Amino acid sequence: MGELLKEWNGFKPGQNVKLLVETMGADHDDIEHTMPAGSAGVIDHIERYLPPQGVGVTVWIPVDGTNERGIVNVFDEADGHITNFLEAK
């Protein structure tokens with residue numbers, strides 16, 4: 001486990017964000033979902049990992065509009081700058 005961060009590049013845990021890219025993942029029932037760019041998400045945590053991964057932002061993305069079912073995705077520095085993937089709401 002890496003170092004948990006309280007803030008990074010203007011993003012904080014608990015913050016509402018808009019995804020700028022299509023995102024895929026499985027929910028808690030192992031059902032795959034593909035969420036389009038523009039979907040809403042909430043930052044769960046921000047963590048500093050060893051290189052080459054760097055800082056990763058873990059985002060929970062609801063898939064049914066009720067916040068009862070969702071997927072989790074991590075966007076890290078190895079993927080590119082965080083602002084290529086997330087925008088603050």
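Guide: The protein has eight strands and zero helices. Here helices (H or I, at least four residues) and strands (E, at least two) are DSSP runs, numbered from the N terminus. From the N terminus on, the order reads β-β-β-β-β-β-β-β. The radius of gyration is 13 Å, close to the 12 Å that the globule rule gives for 89 residues, so the protein is as compact as a globular protein of that length. That radius is taken over C-alpha atoms, and the rule is 2.2 Å times the number of residues to the power 0.38. The C-alpha trace spans about 35 × 25 × 20 Å along its principal axes.

This is a predicted model: local features need pLDDT of at least 70, side-chain atom pairs count only at pLDDT 80 or more, and totals for chains, interfaces and linings use all residues. Residues are numbered from 1 along each chain as its sequence is written, and side-chain values use heavy atoms, with hydrogens and water left out. The mean pLDDT (the predictor's confidence in each residue, from 0 to 100) is 94, and 100% of the residues reach 70 or more.

Now the core. A nonpolar core is a set of buried Ala, Val, Leu, Ile, Met, Phe, Trp, Tyr and Cys residues joined through side-chain atoms within 4.5 Å. Buried means under 20% relative accessible area, exposed over 50%, partly exposed in between (1.4 Å probe, protein chains only). Buried residues make up 37% of the 89 residues. The largest nonpolar core holds 18 residues, of which Ile46, Val57, Val59 and Leu86 touch the most other members. Two or more residues each come from β2 (16–19), β5 (40–48), β6 (55–62) and β7 (70–76). β6 gives the most, with four residues.

Take Ile46. This residue sits in strand β5. Ile46 is buried, at 0% relative accessible area. Contact means heavy atoms within 4.5 Å. Leaving aside neighbours within four places in sequence, Ile46 is in contact with Glu3, Leu4, Leu5, Trp8, Phe11, Lys12, Pro13, Val55, Gly56 and Val57. His33 is 13 residues from Ile46 along the chain, yet their C-alpha atoms are separated by 23 Å.

Next, Leu86. Not counting residues up to four places away in sequence, Leu86 touches Phe11, Val17, Lys18, Leu19, Leu20, Val57, Val59 and Phe75.

The structure holds one aromatic pair. Rings of Phe, Tyr and Trp (its six-membered ring) pair if their centres lie within 6.5 Å; planes under 30 degrees apart count as stacked, over 60 as edge-to-face and the rest as tilted. Phe75 and Phe85 are stacked, 5.4 Å centre to centre with 25° between the planes. Phe75 belongs to strand β7, and Phe85 to the loop between β7 and β8 (86–88), 10 residues apart. Phe75 is buried at 6% relative accessible area. Phe85 also counts as buried, at 14%.

Last, the loops. Asn9, between β1 (3–5) and β2, has a positive phi near 50°. Asn9 is partly exposed, at 42% relative accessible area. Pro52 lies in the loop between β5 and β6, and the peptide bond from Pro51 to Pro52 is cis, with omega near 10°.
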